[in-house]
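Come along as I jot down what I look up.

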Amino acid sequence: MRVLLIGANGYLGRFVADRLLADPAVQLTALGRGDDADVRFDLASGSPGALTRFLDAVHPGVVINCAGATRGGARELTRHNTVAVATVCEALRRSGCGARLVQIGCGAEYGPSQPGSSTAEDAVPRPGGPYGVSKLAATELVLGSGLDAVVLRVFSPAGPGTPAGSPLGRLAEAMRRAMQSGDGELKLGGLGAQRDFVDVRDVARAVHAASLSAAQGVINIGSGRAVRLRDAAAVLARVAGYGGALHELDGPSGPLRATIGHPRSESDHAAPVAYPYPDGCGSWQQADVRTARDRLGWRPRINLEESLADIWMEAACRI
């Protein structure tokens, strides 16, 4: 099976590439903006015609799109998350390769949900910020393209390689600094949010399964369990061997309050913000993952403690 992987050098893409390379039946070609890609191509600025010619030459059976942006203003997010996907869809429609498309979506497309509830794929999306809007627009383009396509809505990925600007990355960095300086207490803010964390290696397994399946439409990829960031911080402290006290700061001005989900750009800070969490998902998110189980045969295998241990190992190496 020939697979074209777009965004192989990104956070999710790296693990998807590793998973695919471990399958001897897969012939993998990586397309991206970096020098390490097999083929350099910028989806946000490249033409559908140029991508079509490449697809006709390589003739992949599956195209997996892990590319996109999580930071920046509305214009940048739209270019990299929506316009780029429009280019992929149009190129696939023009090409004679007949490839299946696996698009990586995001739980932020749903927006806030009722605390205690699990969000299923038939929920009406109400993204609360520009990131979720740009990803939802991409999903709608894929679903309306007429292609053999599936969108995996990944909730909150965690594990090795977690970006330092993410909530769990910020937690690990704050703890590393406290241990390095010998602080007996760690004061953190914004720990009340609850998110559905899923290990990035489990996400890669889901992508692999989706590329081999005939499933179409939207499929949630998560753990099926919301975890309060406060509880994740306690687990991280135990994993790290931090014996100090954890104190949660009240109010929205705590150092982690502005990093729930996807950090905003400087231009975003200059304008009024209509939602209390930068990812636009409110205080609670939990995925209903029954569709992934039924249609992909997929279940998460790696628990949050193992994911946090890997995050901490990388953070500790910076001491």
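First, a term I need: helices (H or I, at least four residues) and strands (E, at least two) are DSSP runs, numbered from the N terminus. This is a predicted model, where local features need pLDDT of at least 70, side-chain atom pairs count only at pLDDT 80 or more, and totals for chains, interfaces and linings use all residues. Residues are numbered from 1 along each chain as its sequence is written, and side-chain values use heavy atoms, leaving out hydrogens and water.

Whole chain. I counted 10 helices and 12 strands. I found 55% of the 319 residues buried, meaning under 20% relative accessible area with a 1.4 Å probe, protein chains only.

Helix α2. I looked up residues 48–58 and found Gly49, Leu51, Thr52, Phe54, Leu55 and Val58 buried. What do they pack against? I noted β1 (2–6), β2 (27–32), β3 (39–40), β4 (62–65) and α3 (74–94).

Asp202. I found this residue in helix α6, residues 200–212. Is Asp202 buried or exposed? Its relative accessibility is 1%, so Asp202 counts as buried. Setting aside neighbours within four places in sequence, I saw Asp202 in contact (heavy atoms within 4.5 Å) with Trp298, Pro300, Arg301 and Ile302.

Key:
Buried < 20%, exposed > 50% of the residue type's maximum accessible area, 1.4 Å probe, protein only.
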